Amino acid sequence: MGKVIGFELNSQEPEKAAKFYSEVFGWKISEPHWDYWPVTTDKGSGEPGMNGGISKGPSDYPHGTRIQIEVVSIEEAIAKAKQGGAMIVRDKMEFDEFFLAYLVDPTGIGFGLIQKK
């Protein structure tokens with residue numbers, strides 16, 4: 001079963017967005033890497049919080065929010081999503097510690113799939 005493990009806020013002004021969420025909600029925003037600012041939301045309180053990031057939105061998704069769903073096999077999840085009517089926005093990409101793909105469900109909602117290495 002896919003578990004929601006994070007979120008991504010896309011903005012054409014990620015620095016401004018990072019400042020806003022840090023000041024208003026107290027989120028810890030780390031230094032950017034690949035136009036992606038990691039976000040920690042729990043503030044060390046010990047209460048569960050979902051972490052994520054703020055990124056410079058690409059031309060195919062310039063602004064908005066996407067959840068990240070962890071899967072055991074990204075290839076199988078993509079195939080199953082396609083069978084269910086999803087469209088691939090960005091096929092499987094490889095990063096240091098995980099694989100990532102972006103899809104849109106049949107109703108137009110964008111989401112990410114993550115498989116840890």
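Glu94 is positioned across from Phe99 of strand S7. This pair belongs to a predicted model. In this model, eight strands build an open sheet with mixed pairing, arranged in the order S2-S3-S4-S1-S5-S8-S7-S6. The edges of the sheet are strand S2 (28-29) and strand S6 (87-94); each has a single partner strand, so one side of each is left without a neighbour in the sheet.

**Helix packing on the sheet**
- Helix H1, which spans residues 14-25, packs on the sheet.
- The strands that helix H1 touches are S1 (3-11), S2, S3 (36-40) and S4 (52-56).
- The direction of helix H1 makes about 150 degrees with that of strand S4.

- Strands S2 and S3 are paired in the antiparallel sense through two bridges.
- Within this pairing, Ile29 has Val39 of strand S3 as its bridge partner.
- The hairpin of S2 and S3 has six residues between the strands, and Trp34 in this hairpin adopts a positive phi near 60 degrees.
- Strand S3 also pairs with strand S4, again in the antiparallel sense, over four bridges.
- Here Tyr36 lies opposite Ser55 of strand S4.
- The two faces of strand S3 can be told apart: Trp37 and Val39 make up the covered face, whereas Tyr36, Pro38 and Thr40 make up the uncovered one.

**Strands S6, S7 and S8**
- Strands S6 and S7 run antiparallel and are joined by five bridges.
- Three residues lie between S6 and S7 in the hairpin that these strands form.
- Strand S7 (residues 98-104) is joined to strand S8 (residues 110-116) by seven bridges, and these two strands run antiparallel.
- Ala101 stands across from Leu113 of strand S8.
- The hairpin of S7 and S8 has five residues between the strands, and Gly108 in its turn has a positive phi of about 100 degrees.

**Burial of strand S7**
- Six of the seven residues of strand S7 are buried, so this strand is largely enclosed by the rest of the structure.
- In the strand order, S7 stands between S8 and S6.

Definitions and conventions. Residues numbered from 1 in each chain as written. Predicted model: local features only at pLDDT ≥ 70, side-chain atom pairs only at ≥ 80, totals over all residues. Heavy atoms only, no water. Pairing = 2+ DSSP bridges. Contact = heavy atoms within 4.5 Å. Axes fitted to C-alpha atoms, helices over the stretch in contact; angles between N-to-C directions. Buried < 20%, exposed > 50% of the residue type's maximum accessible area, 1.4 Å probe, protein only.
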